[in-house]
Amino acid sequence: MSKIKEWGHRNAAAIFLVILFSAIFVALQRIEDSFIYWGTTGLQYLDGEYHRFLTCLFLHHNPRHLLANSVALLSVSSLLSSLLKKRQTVFLFLFGGILSELAYSIVISEQIYDIGASSGIFALIACLLVCYLRFQKQFLLSWYRPDVIIVLVYFVFANTSISAFLVHTFGFVAGILIGFVMVSTGWITVAN
């Protein structure tokens with residue numbers, strides 16, 4: 001029981017985000033097409049509603065979408081928990097997600113809405129890669145760990161559409177950049 005409690009403490013930020021995703025999903029069930037009000041789309045269609053770069057990260061299309069993002073977020077958070085503090089996890093998720101959605105809005109010229117936490121999750125996955133490359137000797141991962149397998153499967157199979165591929169790519173690039181800055185400035189370190 002203590003291992004579960006310890007895991008929960010280390011991953012409290014991701015658990016909080018998953019609970020928030022779930023609560024918002026349940027609350028918005030009565031609002032048809034909520035993504036039209038809070039999702040991201042092309043800049044020309046946003047009408048100055050730039051809060052959508054943030055709000056879209058907390059919306060999900062259906063229970064399967066919510067479950068996939070929740071499991072992926074908990075898995076990547078578990079892998080990063082020895083390196084990132086809770087506030088760093090939330091910062092990277094939000095900032096990487098916002099940058100990704102901004103890039104998506106600049107690139108997309110149609111009124112195709114994007115919602116979901118995957119842009120922030122891909123930023124976290126990219127930061128995991130940066131940390132692994134930087135701290136390879138101290139950052140031992142077994143390929144057969146369930147959280148590693150889940151992250152790899154998510155990374156490969158989450159691209160279900162062109163817009164998803166764009167958002168995930170932008171999130172990954174944002175995560176590489178943010179992760180590199182965090183490692184270079186000493187905001188992420190590994191104790192020897």
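**Rings and helices**

I started with the rings: F122, Y154, F155 and F172 sit together in one aromatic cluster. My pairing rule takes rings of Phe, Tyr and Trp (its six-membered ring) with centres within 6.5 Å; planes under 30 degrees apart are stacked, over 60 edge-to-face, the rest tilted.

Housekeeping: this is a predicted model, so I kept local features at pLDDT of at least 70 and side-chain atom pairs at pLDDT 80 or more, while totals for chains, interfaces and linings use all residues. Residues are numbered from 1 along each chain as its sequence is written, and side-chain values use heavy atoms, without hydrogens and water.

By that rule I get ten aromatic pairs. I looked up F91 with W187, which is edge-to-face at 5.2 Å centre to centre and 70° between the planes. F91 is in helix α7 (residues 86–107) and W187 in the segment after α10 (162–184), so this pair ties together parts 96 residues apart in sequence. Helices here are DSSP runs (H or I, at least four residues), numbered from the N terminus.

Buried or exposed? I checked F91. It is partly exposed at 34% relative accessibility, and W187 is partly exposed too, at 35%. (Buried is under 20%, exposed over 50%, partly exposed in between, with a 1.4 Å probe and protein chains only.)

Next, I checked how helix α2 (residues 12–27) packs on α7: the angle is about 45°, with the axes 8 Å apart. Axes are lines fitted to C-alpha atoms over the stretch in contact, and angles run from 0 to 180 degrees between N-to-C directions. That makes α2 oblique to α7 (under 35 degrees is roughly parallel, over 145 roughly antiparallel, 65 to 115 roughly perpendicular, the rest oblique).

Definitions and conventions
Helix = DSSP H or I, 4+ residues; strand = E, 2+ residues; numbered from the N terminus.
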